[in-house]
Amino acid sequence: MLLTARQRWTLLVVLGAGLVLIALDNSILYTALPTLTRELGASSTEGLWIINAYPVVMAGLLLGAGTLGDRVGHRRMFLIGLVVFAGASLVAAFAPNPGVLIAGRAALAVGAAAMMPSTLALIRVTFRDDRERNIAIAIWGSLAIVGGAAGPLLGGLLLERLWWGSVFLINVPIAVLAFAVAARIAPPNDADPSKRWDLVSSLQIMVTLVGLVVAIKELATSDPSWPVAVIALIATVGGALVFTRRQRRLPYPLLDLTIFRNPAFLSGVLAAGFAMFATGGVQLVTTQRFQLVSDFSPLQAGLLVSALVLGSLPTALLGGAFLHVIGMRYLISGGLFVAAAGVLTTLYGISAGFGWVIGGLALAGMGLGAVMAVASTAIIGNVPARRAGMASSVEEVSYEFGNLTAVALLGALLGAVYTGTVELPAGAPAAAHDSLIGAITTAGSDRGILDAAFSAFDHGYAVVMVIAAAVLALAAAITAVLLRRYGPGSASSAYDSSH
């Protein structure tokens, strides 16, 4: 059934609302985490998993969810995902302890995994015209950026007035409204019972991702537990090997590895992962730095990193609209390079002046906006419609993998550099050696302890920002090579709407 133009764009708004919810929950805890861990009494490890339970579980389920959506229908999967997401939000909002909150975050990931591939797959089958679809995907990509970048701002705003559970409770009315509208106007459910969903493959990829996060966390600390790190690395490599071998044997694989042979598709996947790595890492460490060192409130820190949104929105929308003119190569590779320059400018602003910080974040947002919008087109436009769910899942895994790797690696590295470089006065409390929060809590008015702690934290912040910029520059070089045939005027899609 063909939808009218009004129905198509209304559906896009509804799908965008679901996407914003998913993206918000990836980043809304960046400003809320200090308050949340203090009020729940969470340890540093529990704090890590309060954040990482969501992207780890979602990434582990996304591939299976995309294939399951192809089997049972993406309309049905989107509606089921909204229901699960709303219920899990209630659990997380009223969690009495860290364990329940981590479980609630994992349940949120189940709902998000059901929804997310369906949002892009429904766009793929609803918007038949290539130009119109490019614009719709650009809007979709810009909403993903808005949700992720607005998370810290919204979290800070809510914490100014309400208790920490409000950062989850806000999901419920949006999910209910999106369900009501989607149930009315979404295209009929297009199920394909011939498709197979493989739970074993989903578990294998989840073991791989969890092992990778644990390994990164251990190896990035100043005093790693080598047995834990080795076991985690074995789980990561072993899980990846058995998953790959299983996909090659299955008649209906969870992931058809041949789709990566398309250079535009591969570039889109890499660009999405690298862009989210930089976005998640920069937001996390910047909000923490300005709250802890510069005494910003959660709201002020959220307002600061919202400069990413101001920079990203114009390029995300214009990139999709002018993709056929500018070309995929310049938008993806060039956008990554601009983002790297923006990250370095932000770091320069720590010593040069606050205006440079804001300008650097806006510049990074400009580059990332173009990358994320066009990466989605590169991915979904270079597979046939029958693989829309699988392609959507691959993109979302790339996003979540980039985000969880940034949190696990850059967050742990920030702490490791602090503990490895801090030079405190004699007699300083032991807690001041462990973390900046420990130093602030125990130092009182002792400026010697505080100045030494702030200096060490800023050293760690500089290391993290340089690494984020280097990753973006590397991604720009790789995608420039892969997309050498996708310059101005070249086709962005290998498949037209008839497939």
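How many salt bridges does the count come to in this structure? The count comes to 3 salt bridges. The structure is a predicted model, and its pLDDT averages 82 over the protein. A score of at least 70 is reached by 92% of the residues. The points below treat confidence, the nonpolar core, the salt bridges, the surface and several individual residues.

**Confidence**

- Residues 495–499 have a pLDDT that stays under 50.

**The nonpolar core**

- The largest nonpolar core comprises 153 residues.
- The residues with the most contacts inside this core are Leu-29, Met-58, Leu-101, Ile-123, Phe-168 and Met-328.
- Helix H20, which covers residues 447–482, gives the most to the core, with 16 residues.

**Salt bridges**

- Arg-105 forms a salt bridge with Asp-25, and the closest N and O atoms of the two are 3.9 Å apart.
- This pair links distant parts of the chain, with Arg-105 in helix H5 (residues 98–126) and Asp-25 in helix H1 (residues 5–27), 80 residues apart.
- Both Arg-105 and Asp-25 are buried.
- Arg-289 forms a salt bridge with Asp-458, with 2.8 Å between the closest N and O atoms.
- Here too the pair links distant parts of the chain: Arg-289 belongs to helix H11 (residues 263–292) and Asp-458 to helix H20, 169 residues apart.
- Arg-289 is buried because its relative accessible area is 7%, whereas Asp-458 counts as partly exposed at 22% relative accessibility.
- Asp-451 forms a salt bridge with Arg-447, and their closest N and O atoms are 2.8 Å apart.
- Asp-451 and Arg-447 both lie in helix H20, 4 residues apart, which is about one turn of the helix.
- Asp-451 has a relative accessible area of 41% and is therefore partly exposed; Arg-447 is also partly exposed, with a relative accessible area of 46%.
- As a general point, side chains of opposite charge can pair when their charged atoms come close.

**A nonpolar surface patch**

- Leu-318, Phe-322, Val-325, Ile-326 and Tyr-330 make a nonpolar surface patch of about 480 Å².
- Within the chain, Phe-322 is found in the loop between helix H13 (307–321) and helix H14 (323–326).
- Phe-322 has a relative accessible area of 41%, so this residue is partly exposed.

**Buried threonines in helices**

- Thr-236 is placed in helix H10, which spans residues 226–249.
- At 12% relative accessibility, Thr-236 counts as buried, because buried means under 20%.
- Not counting residues up to four places away in sequence, Thr-236 touches Thr-208, Gly-211 and Leu-212.
- Thr-405 lies in helix H17, formed by residues 388–421.
- With 11% relative accessibility, Thr-405 counts as buried.
- Leaving aside neighbours within four places in sequence, Thr-405 is in contact with Ile-216, Phe-277 and Leu-410.

**Residues in loops**

- Ser-306 lies in the loop between helix H12 (298–305) and H13.
- The relative accessible area of Ser-306 is 13%, so the residue is buried.
- Ser-306 and Gly-147 are 159 residues apart in sequence, and their C-alpha atoms are 10 Å apart in space.
- Thr-258 occupies the loop between H10 and H11.
- Thr-258 counts as partly exposed, at 34% relative accessibility.
- Asp-295 is found in the loop between H11 and H12.
- At 65% relative accessibility, Asp-295 counts as exposed, because the cut-off for exposed is over 50%.
- Phi of Asp-295 is near 60 degrees, a positive value in a residue other than glycine.
- Most residues other than glycine have a negative phi.

Notes. Residues are numbered from 1 along each chain as its sequence is written. Side-chain values use heavy atoms; hydrogens and water are left out. A nonpolar core is a set of buried Ala, Val, Leu, Ile, Met, Phe, Trp, Tyr and Cys residues joined through side-chain atoms within 4.5 Å. Buried means under 20% relative accessible area, exposed over 50%, partly exposed in between (1.4 Å probe, protein chains only). Helices (H or I, at least four residues) and strands (E, at least two) are DSSP runs, numbered from the N terminus. Contact means heavy atoms within 4.5 Å. pLDDT is the predictor's confidence in each residue, from 0 to 100. Patches are made of residues with over 30% relative accessible area and no salt bridge: like charges are joined within 9 Å, nonpolar side chains (Val, Leu, Ile, Met, Phe, Trp, Tyr) within 5 Å. Accessible areas come from the Shrake-Rupley method with a 1.4 Å probe; for residues, only the protein chains shown count as cover. A salt bridge is a side-chain nitrogen of Lys or Arg within 4 Å of a carboxyl oxygen of Asp or Glu.
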